[in-house]
Amino acid sequence: MKFLSLFFWLVCAVCEFSATDRAYGHGFAGARFFPATLSTDDPFVSDELSLPTVSTIRTPDDGGTRETGISVDISKRITPDFAIEIGDSFTALNPHDGPAANGFGNLELGGKYQLLKNGEHEAIVSIGLGVEVGGSGGRSVGADSFSTWAPGIFFGKGFGDLPVAVRFLKPFAITGQLGVAIPTSASTRSVTIDVQTGERDIEVERHPDVLEWGFALEYSLIYLQSQVQDLHLHAPLDRLIPLVEFALETPLNRGEEGQTTGTINPGVIWAGKYFQVGVEAVIPINERTGNNVGVIAQLHFFMDDLFPNSLGRPLFGGNK
Amino acid sequence: MKCIVIFLILVAASARLEAHAFLKDANPGVGSTIQTSPSEVRIRFTENIEPAVSSIQVFDASGKEVDKHDLHLDRSDHALLHISLPQLGAGTYKVVWRIVSVDTHVTNGNFTFRVVR
């Protein structure tokens with residue numbers, strides 16, 4: 001396995017430094033650069049690597065549990081408009097009551113197709129289908145034994161086409177997602193036996209379909225400086241994109257209808273040539289979600305800029 | 001872990017590569033107001049540029065192109081493009097650029113400047 005891994009990277013290196021063709025871009029629509037958001041899915045199809053995304057928050061489970069996750073996600077363009085995605089995460093649970101546990105979550109696979117890209121209006125629309133592969137992760141960290149399918153639609157819109165009278169609003173952009181997570185199992189049953197009485201107790205956990213929705217509102221100082229008004233900001237301010245993300249889930253059936261949970265995540269992204277760094281606070285929207293503020297941070301690589309001749313270009317269909 | 005180390009080595013080794021070119025600075029400045037007609041528009045980008053497949057156009061408020069169609073790369077700075085202008089009257093002018101960096105990444109954008117007398 002180690003040999004295969006090493007071989008893979010060596011092949012990438014050889015391709016990278018020997019090829020002569022070129023590759024094209026990540027989250028652009030016209031003059032708008034959309035950064036990769038941390039808590040909601042991106043609307044664009046690109047070659048990118050999030051390594052790592054680290055988050056920590058204290059959840060209300062088991063008298064208060066510190067949940068820390070480290071995840072990796074990679075997206076690879078197959079054609080200029082279609083990409084596949086793969087991701088996994090390592091989770092450590094440290095409950096106030098009870099033993100700690102850690103392990104990998106279920107493997108997550110996905111595909112995304114870019115339906116629309118309009119440079120003039122800085123707009124992108126994509127559709128995607130993701131699947132969390134049941135049973136591929138550790139039960140001790142809550143990985144489901146069943147798979148969950150999640151079709152969704154993703155969008156991005158820059159405000160660069162606003163009139164000049166409100167030009168300082170032009171650096172605003174919004175990205176968002178709307179999808180439904182559909183578990184392949186409506187419920188799971190677990191049997192517990194009371195050691196003293198010998199009585200069997202059957203617990204039924206229901207798994208509702210869940211509306212996954214969220215959006216990110218961002219203000220690009222990059223856009224402000226280069227398209228609207230040069231304020232002579234210096235590094236690192238000139239590459240900052242302050243943003244606030246809303247990541248929300250609403251169960252649709254099986255007795256949990258309308259019980260929305262989610263977080264509001266204000267933060268900032270710094271976008272450089274080859275990578276971006278982002279950090280956000282994770283603020284629960286209600287008591288059902290939790291009472292403690294967490295944090296999420298991400299290092300994200302632009303593979304199309306790093307490896308334009310190999311990993312960073314579509315496998316088929318050329319570039320555009 | 002080994003994969004991460006190898007990846008970071010490749011990242012460091014790929015320093016020869018270019019990336020998407022962003023506008024670094026311009027003269028007249030983005031969104032600026034100036035008192036006299038500029039003789040040219042200069043835009044410096046964050047990457048070296050392929051001038052043959054790049055463009056800068058300057059339009060007046062009526063949408064008429066007013067530049068002299070002589071886009072050229074600076075002799076000493078290959079990230080700096082120049083395009084000449086005739087004598088401009090008072091008004092707002094829009095600069096529209098579409099550039100290709102030397103590794104063929106394409107970016108575009110626009111900005112305005114204003115001439116007052």
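What follows is a chat about a predicted model with chains A and B.

Visitor: How many helices and strands does chain A have?
Guide: Chain A has 3 helices and 17 strands, and please keep in mind throughout that this is a predicted model.

Visitor: And what is its radius of gyration, next to what the globule rule gives?
Guide: The radius of gyration of chain A is 22 Å, which is close to the 20 Å given by the globule rule for 320 residues, so chain A is as compact as a globular protein of that length. Taken along the principal axes, the C-alpha atoms of chain A fill a box of roughly 75 × 50 × 35 Å.

Visitor: What share of chain A is buried?
Guide: Of the 320 residues in chain A, 37% are buried. As for contacts in chain A with a separation of 6 or more, 61% of them are made by residues 24 or more positions apart.

Visitor: Let's look at some strands. Which strands does β3 of chain A pair with?
Guide: One partner is β4(A), covering residues 65–79, and β3(A), covering residues 48–59, pairs with this strand in the antiparallel sense over 10 bridges. Another partner is β17(A), residues 294–302, which is also antiparallel to β3(A) and is joined to it over 7 bridges.

Visitor: Which residues face each other there?
Guide: On the β4(A) side, Ser50(A) stands opposite Asp73(A), while on the β17(A) side Thr53(A) has Gln298(A) as its bridge partner.

Visitor: What sits between β3(A) and β4(A)?
Guide: The two strands form a hairpin with 5 residues between them, and in this hairpin Asp62(A) takes a positive phi near 50°.

Visitor: What about β5(A) and β6(A), how many residues lie between those?
Guide: β5(A) and β6(A) form a hairpin with 5 residues between them, and Gly98(A) in the turn has a positive phi of about 105°. The strands, residues 82–95 for β5(A) and residues 101–104 for β6(A), run antiparallel and are joined by 4 bridges, and the bridge partner of Ala92(A) in β6(A) is Asn102(A).

Visitor: Changing topic: is helix α2 of chain A enclosed or open?
Guide: Helix α2(A) is largely enclosed by the rest of the structure, because 7 of its 8 residues are buried. Those buried residues are Leu221(A), Tyr223(A), Leu224(A), Gln225(A), Ser226(A), Gln227(A) and Val228(A).

Visitor: What covers them?
Guide: The cover includes elements from both chains, namely β2 (32–33) and β14 of chain A together with β1 (23–27) and β8 of chain B.

Visitor: And where does Leu231(A) lie?
Guide: Leu231(A) lies in the loop between α2 (221–228) and β14 (240–251) of chain A. Once its neighbours within four places in sequence are left aside, Leu231(A) is in contact with Leu224(A) and Gln225(A), both of which are among the buried residues of α2(A).

Visitor: Why does Leu231(A) count as partly exposed?
Guide: Leu231(A) counts as partly exposed because it has 13 C-beta neighbours inside 10 Å, whereas a residue needs 20 or more to be called buried.

Visitor: Over to chain B. What order do its elements run in?
Guide: From the N terminus on, the elements of chain B run α-β-β-β-β-β-β-β-β, and the totals are 1 helix and 8 strands. Of the 117 residues in chain B, 30% are buried.

Visitor: What is the strand order in the sheet with mixed pairing?
Guide: That open sheet of 4 strands has the order β2-β8-β7-β4 in chain B, and its edge strands, β2 (33–34) and β4 (55–59), each pair on one side only. Within this sheet, β7(B), residues 91–100, and β8(B), residues 106–115, run antiparallel and are joined by 10 bridges, with Phe113(B) in β8(B) as the bridge partner of Tyr93(B).

Visitor: And the sheet with antiparallel pairing, what order does that have?
Guide: That one is an open sheet of 4 strands in the order β1-β3-β6-β5 of chain B. β1 and β5 (72–73) stand at the edges with a single partner strand each, so one side of each is left without a neighbour in the sheet.

Visitor: How many bridges join β3 and β6 of chain B?
Guide: β3(B), residues 40–45, and β6(B), residues 80–84, pair in the antiparallel sense over 5 bridges, and Val41(B) stands opposite Ile83(B) in β6(B).

How values were computed. Residues are numbered from 1 along each chain as its sequence is written. Chains are lettered from A and ligands numbered from 1 in the order in which they are written. This is a predicted model: local features need pLDDT of at least 70, side-chain atom pairs count only at pLDDT 80 or more; totals for chains, interfaces and linings use all residues. Two strands pair if DSSP finds at least two bridges between them. A residue is buried if 20 or more other C-beta atoms lie within 10 Å of its own, exposed if 12 or fewer, and partly exposed in between; C-beta atoms are placed from the backbone. Two residues are in contact if their C-beta atoms, placed from the backbone, lie within 7 Å. The radius of gyration is taken over C-alpha atoms; the globule rule is 2.2 Å times the number of residues to the power 0.38.
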